[in-house]
Amino acid sequence: MICERVPENYNWIIKSSYPSDETSIIKKQLEDTKEFILIKGKTDIVGIVGLKKEMKEKIYIYISVLAVASIKNRSDTVLCLINKAKDLAKEMGFAEIYIDEFREPYIEVLKQVGFKLINEYLIMSKSLSLIPSFQPKSLIMVNRIAGNTNAFVEAWNSIINSGTVDDFADFPNITEEFLKKKVQKDHRLDPNGWFVAYDRKKPVGLIAVNKHGELGDIMVSKLYRRLGIGTALVHEAFKYLKSKGFKKAILKARAENVGALSFYQNLGFKIKAKEILMGARTIK
Ligand SMILES: CC(C)(COP(=O)(O)OP(=O)(O)OC[C@H]1O[C@@H](n2cnc3c(N)ncnc32)[C@H](O)[C@@H]1OP(=O)(O)O)[C@@H](O)C(=O)NCCC(=O)NCCS
């Protein structure tokens, strides 16, 4: 079996390897993928692994696609691809490599090559054909702060500092420099999809929508919870996504974040899939 690094992608392998409702998301992920390794069988290319370019200051890199066309020798093909991806990540100077995976056979092979489970996520979606009418519970205003990195960072840090680290488990402090770089390098980000809830001038809630129709970074200050602010933010995001032509809103939540899961279910989101974040060190 030959694993080669080539600067191309092969959509047909992705089509034959992922469930049909996943292929459009995977194809979009390919847009952010800069390094490909294809694997050749005797006569043709049978597998593909793509590494998503991460910012160099980070120690890790993500695998954005892992697809194998033939069922025959699948484990061997996946093994070869993953090992090659690990080598390439190491060559590129990354100490850790991560992948989000939901397909059981792939998870098994990843475990064999030293990947460990890091977090479990639920993928949820909500059709945007019928957005229920929304009655604000409070006088908190939600504003779109399109592209205003300063306002975004101010709101973000002020909200996460309203509680303990456990209250905002997924959200570290950020700087404007960090955000600007992220916007420049991560093509999925949509600075026009940033919304902040204000109590007079004080930021108390935030949501960011990306170019794939995904809701992310939903957070409400500790003392302002259960006042309908999270719901108001998501409704703004729904309207925005609908205006952009999206048919559904998608999000990913940590399986153990039971409060957030109830919040999303209350908004009409349904669980579509489970995904596991797995990681390995590239340097032994
Ligand atoms: C999840 C979060 C954004 C919800 O914001 P919020 O403004 O408190 O949500 P709302 O007031 O709009 O809640 C609407 C409904 O969702 C449900 N809900 C919200 N938080 C809940 C919780 N902790 N437990 C159970 N149900 C909850 C309730 O049904 C609630 O209605 P009710 O208050 O009338 O019972 C907020 O708790 C938060 O910032 N959490 C920390 C960050 C986080 O985990 N974000 C999600 C990452 S995936």
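These are my notes, going from the whole chain to single residues.

**Ground rules**

I'm working on a predicted model, where local features need pLDDT of at least 70 and side-chain atom pairs count only at pLDDT 80 or more, while totals for chains, interfaces and linings use all residues. My numbering starts from 1 along each chain as its sequence is written.

**Whole chain**

I started with the secondary structure and got eight helices and 12 strands in the chain. Helices (H or I, at least four residues) and strands (E, at least two) are DSSP runs, numbered from the N terminus.

Next I checked burial. I call a residue buried if 20 or more other C-beta atoms lie within 10 Å of its own, exposed if 12 or fewer, and partly exposed in between, with C-beta atoms placed from the backbone. Buried residues come to 33% of the 284 in the chain.

Then contacts, which need C-beta atoms, placed from the backbone, within 7 Å. Taking contacts between residues at least 6 apart in sequence, I find that 70% join residues at least 24 apart.

**Cores**

I looked for nonpolar cores, meaning sets of buried Ala, Val, Leu, Ile, Met, Phe, Trp, Tyr and Cys residues joined through C-beta atoms within 7 Å. The largest has 36 residues, and I207, L215, I229, L233, V234 and A237 touch the most other members. At least two residues each come from β6 (116–127), α5 (149–160), β8 (189–199), β9 (202–210), β10 (214–220), α7 (229–243) and β11 (248–254). The top contributor is α7, with eight residues. Apart from this core I noted another, of 31 residues, including V49, L66, L81 and M278.

What does I207 contact, leaving aside neighbours within four places in sequence? I get F195, L215, D217, I218, L233, V234 and A237.

**Helix α4**

I went to α4 (residues 104–112) and found Y106, V109 and L110 buried. These three sit on the same side of α4 because they cover an arc of only 105° around the axis (the arc is that of the directions from the helix axis to the C-beta atoms). Turned away from that buried side is a face with the exposed residues E104, E108 and Q112. I also checked what the buried residues of α4 pack against: β4 (60–68), α3 (74–91), β5 (96–101) and β12 (270–281). After α4 comes G114, with a positive phi near 95°.

**Strand pairing**

I count two strands as paired if DSSP finds at least two bridges between them. β4 and β5 run parallel and are joined by four bridges; Y62 has Y98 in β5 as its bridge partner. β5 and β12 run antiparallel, with six bridges. There I wrote down I97 with A280 and E96 with R281. β6 is also antiparallel to β12, through nine bridges, and M124 pairs with I271 in β12.

I get 19 residues, of which R225, G230, T231, G259 and S262 come nearest. Two or more residues each are given by β10, α7 and α8 (258–266). α8 gives the most, with five. By class, the shell has nine nonpolar, seven polar and three charged residues. Here Ala, Val, Leu, Ile, Met, Phe, Trp, Tyr, Cys and Pro count as nonpolar, Asp, Glu, Lys and Arg as charged, and the others, Gly among them, as polar.

I stayed on T231, which lies in α7. T231 is partly exposed, with 17 other C-beta atoms within 10 Å. Residues up to four places away in sequence aside, T231 touches F134 and L267. I also took the C-alpha distance from T231 to Q135, which is 9.7 Å for 96 residues along the chain.

**Positive phi**

Which values do R200 and D217 take for phi? R200 is near 50°, positive in a residue other than glycine, and D217 is likewise near 50° and not a glycine. I place R200 in the loop between β8 and β9, where R200 counts as exposed because it has 8 C-beta neighbours inside 10 Å. D217 is in strand β10 and is partly exposed, with 15 other C-beta atoms within 10 Å.

Notes:
Two residues are in contact if their C-beta atoms, placed from the backbone, lie within 7 Å. A residue is near a molecule or strand if its C-beta atom, placed from the backbone, lies within 6 Å of it.
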